Amino acid sequence: MRIDLHTHSDRSDGTDSPTELINNAKAAGLDVVALTDHDSTEGWKDASKAATRAGIELVHGIEISTKLDGKSIHLLGYEFDPVNKALVVELKRVLDGRNSRLPATLERLRSLGIEIEAKDVKRWATNAAAMGRPHVADALVELGVVKNRDEAFDRYLTPGRPAYVDRYAADLPTAIGLVKDAGGRTVIAHPWSRGSHRVLTHDRIGSLKDVGLDGLEVDHNDHSEEDRAALRQIAREFDLVRTGSSDYHGTGKIGFDLGCNLTARDQYERLLKR
Ligand code: AMP
Ligand code: ZN
Ligand code: FE
Ligand code: FE
C-alpha cells in the first residue's frame, strides 16, 4: 500500500488545485494521500469529490505554523473537526499574521532596489487562503530577480536574509491540544529540518507526547539518513507513530514528488484507525 501523508495544493502554496493533486496522486500510484495545506482546510471539499471519483483514499489534513522557543515548527493535523471553534479562531490568527506581514516584506525588497508591489504577489495566490513567502518568491521569479523559489528564499526570504519578516504562529503544545480537542491526530512535520533539532530535542519530544502528540514525520527529504535513524529511535522509545511523506508542492518545490517518501501501512493504521 502506497501512503503519502503530507501534500499541498494551491489553497496554500502548492501549484495543483485540490482536484489536480488527487488526480496526480492516483497517477503516481498512491492508495492513500493526505491533503495538508498550510493553516487551511479550504481544499478538503474539492479533494474529497475528486478522491471519490478517482478511487483513492483521502486523509483530511492540515499543516499548522507553530513556534517552540521562538523556532518555527510545522504541525500536521489529521481528521479533526474543521469547524471546531477554538481551532478555527487560532487558524484565522495565523492566516491573518501571514497576510499582514506582506507590506513589510515588500518594503524591505523595495529598499533593496527591487520594484515589487502587492498585486505582483496576489496573482500567484489567487486560490490561496493567505499570501505567504512562496508567493513572494513566485513574483520575484517573474520579475527576473531570481530563477526559482529556492533562490528567492536563500537570498531574501529565509530567517537571517534581508527581506525576512517574522509573523504570528501558534504555540506548539497549544496547537497540539487544539487539534486533539477537535478530535484529530497530530504529527510533527520534518522535525529536524532547518535547524529545528536544536529545540526538538529527545526530551522535548517526550514532553510533547505527554500533551498529546501522536507521531513524528521521520522520512522526509529534509532529513539525512542519520536524522531518520535517530528520529525513528526516538519515536520507538516514546511509542510515537512514524510517518513518511513527500511534502509535495506541485512545481513549487523541486525533488519533492508525490510518493517520494511513504508511510508504512501499520503506522498509518495506528495513527488514523485506532
Ligand atoms: P510562510 O508561511 O509565508 O512563512 O512561508 C513558509 C513556507 O515557505 C513553508 O511552509 C515552505 O513551504 C516554504 N519555504 C520555507 N523555507 C523555504 C526554503 N528555504 N526554500 C523553499 N521554500 C521554503
Ligand atoms: Zn509550503
Ligand atoms: Fe512544512
Ligand atoms: Fe509542507
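Ligand 1 sits in the largest pocket of this predicted model. A pocket here is an open set of points on a 1 Å grid over the protein atoms alone, where a 1.4 Å probe fits, with protein on both sides within 12 Å along at least five of seven lines. A molecule sits in a pocket if more than half of its atoms lie within 2 Å of the grid points.

An N or O atom in the side chain of R167 is 2.9 Å from an oxygen atom of ligand 1, and a polar side-chain atom of H38 lies 3.1 Å from an oxygen atom of the ligand. For R194, a polar side-chain atom is 3.4 Å from a nitrogen atom of ligand 1. Taken alone, ligand 1 exposes 500 Å², and the protein buries 90% of that; accessible areas come from the Shrake-Rupley method with a 1.4 Å probe, and for residues, only the protein chains shown count as cover.

As for conventions, residues are numbered from 1 along each chain as its sequence is written, while chains are lettered from A and ligands numbered from 1 in the order in which they are written. Local features need pLDDT of at least 70 and side-chain atom pairs count only at pLDDT 80 or more, whereas totals for chains, interfaces and linings use all residues; side-chain values use heavy atoms, with hydrogens and water left out.

H38 also takes part in the zinc site. The protein donors of the zinc ion (ligand 2) are D13 (OD), D13 (OD), H38 (NE2) and H249 (NE2), at 2.0 to 2.6 Å. Donors are N, O and S atoms within 2.8 Å of the metal (3.2 Å for Na, K and Ca), and because water is not among the atoms, sites may look incomplete. Along the sequence, the zinc donor residues follow the spacing D-x24-H-x210-H. D13 lies in the loop between strand 1 (3-4) and helix 1 (18-27), and H249 in the loop between strand 8 (241-244) and helix 11 (265-272), so the pair ties together parts that are 236 residues apart in sequence. H38, for its part, is placed in the loop between strand 2 (32-35) and helix 2 (44-54).

The cut-offs are under 20% relative accessible area for buried and over 50% for exposed, with partly exposed in between (1.4 Å probe, protein chains only). The side chains of H38 and D13 also make a polar contact of 3.2 Å. A polar contact is a pair of N or O atoms within 3.5 Å; within protein, one must be able to donate a hydrogen and the other to accept it, and residues adjacent in sequence count only if both atoms are side-chain atoms.

The iron ion (ligand 3) and the zinc ion (ligand 2) are 5.7 Å apart. E63 in strand 3 (residues 57-68) and H190 in the loop between strand 6 (185-188) and helix 9 (202-210) link distant parts of the chain, 127 residues apart. E63 is buried, with a relative accessible area of 1%, and H190 is buried at 6%.

Most residues other than glycine have a negative phi. D69, in the loop between strand 3 and strand 4 (71-78), has a positive phi of about 50° although it is not a glycine. Phi of E79 is positive too, near 50°, and E79 lies in the loop between strand 4 and helix 3 (85-100). D69 is exposed, with a relative accessible area of 57%, while E79 counts as partly exposed at 34%.

In helix 3, D96 is partly exposed, with a relative accessible area of 37%. A polar contact of 2.7 Å joins the side chains of D96 and K92.

Notes:
Helices (H or I, at least four residues) and strands (E, at least two) are DSSP runs, numbered from the N terminus. On a 1 Å grid over the protein atoms alone, a cavity is a set of points where a 1.4 Å probe fits but cannot get out, and a pocket is an open set with protein on both sides within 12 Å along at least five of seven lines; lining residues have an atom within 4 Å of a point.
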